[in-house]
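Colleague: Please take me through this model one question at a time, with the criteria behind each term.

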Amino acid sequence: VAPYTNCLINGIYWDRLTPRLLRRLDAQKLIRPPKTLATVGEGSPQLPHKLLAICDISADAGGSIEFMNDCTTIDKPFCMYDADQHIDHDSVEGNGILMCSIDNLPAQLPIEATEYFGDRLFPYIWEMLPSDATRPLDEEEFSPQVRDAVITSNGVLTPKFEYIDKLRERREKAQIMKKSGMKRVLLLGSGYVSGPVVEYLTRDERTQVTVASVLLRQAEELAAKYPNTIPVMLDATSQEGHLDSLVKDHDLVISMLPYAYHPLIAKHCINRKVNMVTASYLSPAMKELQSSAEEAGVTIVNEMGLDPGIDHMLAMECIDRAKADGCTVESYSSFCGGLPAPECSDNPLRYKFSWSPYGVLLNTISPAIFLKDGEVVSIPEGGALMDSTSPMDFLPGFNLEGFPNRDSTKYAEPYGIQTAHTLIRGTLRFKGFSKAMSGFLKVGLINSEPCPILQSTASPVSWKELLCQQMGLSSSMSQEAFEEAVYERIEKDDLRMDSLRWFGMLSDEAVPHADSVLAALTKHLEAKLSFDKDERDMIIMRNDVGLRHPTGELETKHISLVVYGDPNGFSAMAKTVGYPAAIAARMVLDGDISTKGLVIPMTKEIYAPVLTRLKDEGLNFMSKSTLQE
């Protein structure tokens, strides 16, 4: 209808995944003079072109009207858009399309309507002002009019509005159950590792995935990319009834939520006799559910990601083959790291974050235990870990370092390698990470204790002032004296000093508002070290297994995995966490994994087909051997 339109009033909802109503190319065509001239008469002047004006009520800059670049204002409601030059003129004269797009136009209500509404509302303001949202609703002294208007209180719908939940759940259930003969999977979490899960499972047209997330828009964006995918909003911790209803309507649940939530979800799965897959470690709280899962006939697959997950499967494949050949395992070393690709590591930490840095930072002060040459080595908590790094030269072009991760000795029994005199699992980083991070530690930035000055809503605190407090210095000291004191504290190490300066921690830059110093540092690094749109991450994993043959010969198996992310597709971390979980889910759905109770991928019946399918997804494992007489 555009060629026949003089004035377009646009009020449609527009999403970036939907087509535009008018593009710049359309505008160029629409402002061309008409081929046949209309009859000109008094009161009917000749028009330069048919489309004269657009009133864009939607006010989406660059949205459904592509060439609406900036909103106009109440004071200057009109501009003239020149489609040939692709510019807006403040003047309403000249050739083009008259544009009006005032984003706050609804605020221009007639004064009579405003006064009428205000007069009706004003008497109730006085009882609303002293209300406290932390108190139960029935403790408030509200009039019936105000009480009946409260929709939510303390995070839940009030009694008069509880029907909203029921309506939503009925609508969701109808959508989920609409297609018959489908295998239904409930995916909890819509974060960056969830994409490969949905992509893999929906390749089968008879599989339907429901993406449940507390961030509905994120779930909707994910669901829009794949067939047979339904987005729903769910807070698993506060909406247990809704969670239970969703679990009941599905054949399998995949949880990509933090591991602390898994016991709660597993209990619902056991109660509803629905199988479950997670990528997280098998926690003590999950282990307590073993007998109830077995009794319910439910399969709960755990540790089906990268680390844990692929590391277990590569280890057990090598160890089982070695034992079949009569070998004894004398040493086992496994290091893994999620890193920026080398060309994206241009910062003092040589690191970037795809998610919150809090866990990465907290891990730097964790304790670690490992076995080396028959002796148990213990690294205390508090930061000694960053002084325990070693160069990792197995792929020298990557310039890596590694440090031990938590308690490695507990894997001797599940791996069946009690004969090993060396057993270590660790984390990989580019060289320089631990030195720069130890600088943060030495000036007191890795501190999770509450920090009152950062919690205050008063004037913001600078990094210099915060470091002075952490180091017991006067914040009024000169910049030169301050930097000299910091230099002494970090043992006069130039790399540490350059790192602190690069991150702005020797300056008057404001510290983010937070509950603790560590939380503030998390926010700061998240802003400084996030991946840009065209940057990619990488995963490096290395297993070294020392084998003693019956002949006495010593062989070391070197198993490596290097995966790069795709800037226009999935990140390396998403692929290496998401695909193993999706493959395990497919195997459970198809009956290829049928063991009841808690399952981890350490048996050949699981790891062999999973590793084969991972190779089909482009995750190629390299294996080499070195012999020693």
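Colleague: Among contacts in the chain between residues at least 6 apart in sequence, what percentage joins residues at least 24 apart?

Modeller: This is a predicted model, in which local features need pLDDT of at least 70 and side-chain atom pairs count only at pLDDT 80 or more, while totals for chains, interfaces and linings use all residues. Residues are numbered from 1 along each chain as its sequence is written, and side-chain values use heavy atoms, with hydrogens and water left out. With contact taken as heavy atoms within 4.5 Å, and counting contacts between residues at least 6 apart in sequence, the share that joins residues at least 24 apart is 65%.

Colleague: What percentage of the 629 residues is buried?

Modeller: The chain has 21 helices and 24 strands, taken as DSSP runs numbered from the N terminus (helices H or I with at least four residues, strands E with at least two), and its C-alpha atoms fill a box of roughly 110 × 75 × 65 Å along the principal axes. Residues count as buried under 20% relative accessible area, as exposed over 50% and as partly exposed in between, with a 1.4 Å probe and protein chains only. On that scale the buried share of the 629 residues is 47%.

Colleague: At what distance do the side chains of D311 and R425 meet in a salt bridge?

Modeller: A salt bridge is a side-chain nitrogen of Lys or Arg within 4 Å of a carboxyl oxygen of Asp or Glu, and the whole structure has 29 of them. R425 forms one with D307, the closest N and O atoms being 3.0 Å apart; R425 lies in strand β20 and D307 in the loop between β13 and α11, so this pair ties together parts that are 118 residues apart in sequence. R425 is buried at 5% relative accessibility, whereas D307 is partly exposed at 28%. D311, in helix α11, is 114 residues from R425, both D311 and R425 are buried, and the N to O distance in their salt bridge is 2.9 Å.

Colleague: How far away is the nearest side chain of opposite charge to E127?

Modeller: E127 sits in helix α2 (residues 111–128), and a polar atom of its side chain lies 2.7 Å from the backbone nitrogen of S143. E127 also touches E141, F142 and V146, among others beyond four places in sequence. Lys and Arg count as positive and Asp and Glu as negative, with His and the chain ends not counted; E127 is buried yet has no salt bridge, and the nearest side chain of opposite charge, R147, is at 7.5 Å.

Colleague: With the side chain of which residue does the side chain of E535 make a polar contact?

Modeller: E535 lies in the loop between α19 (517–528) and β21 (537–548), and its C-alpha atom is separated by 8.5 Å from that of E343, 192 residues apart along the chain. A polar contact is a pair of N or O atoms within 3.5 Å; within protein, one must be able to donate a hydrogen and the other to accept it, and residues adjacent in sequence count only if both atoms are side-chain atoms. The E535 side chain reaches the backbone nitrogen of D532 at 3.0 Å, and its side-chain partner, at 2.7 Å, is K352.
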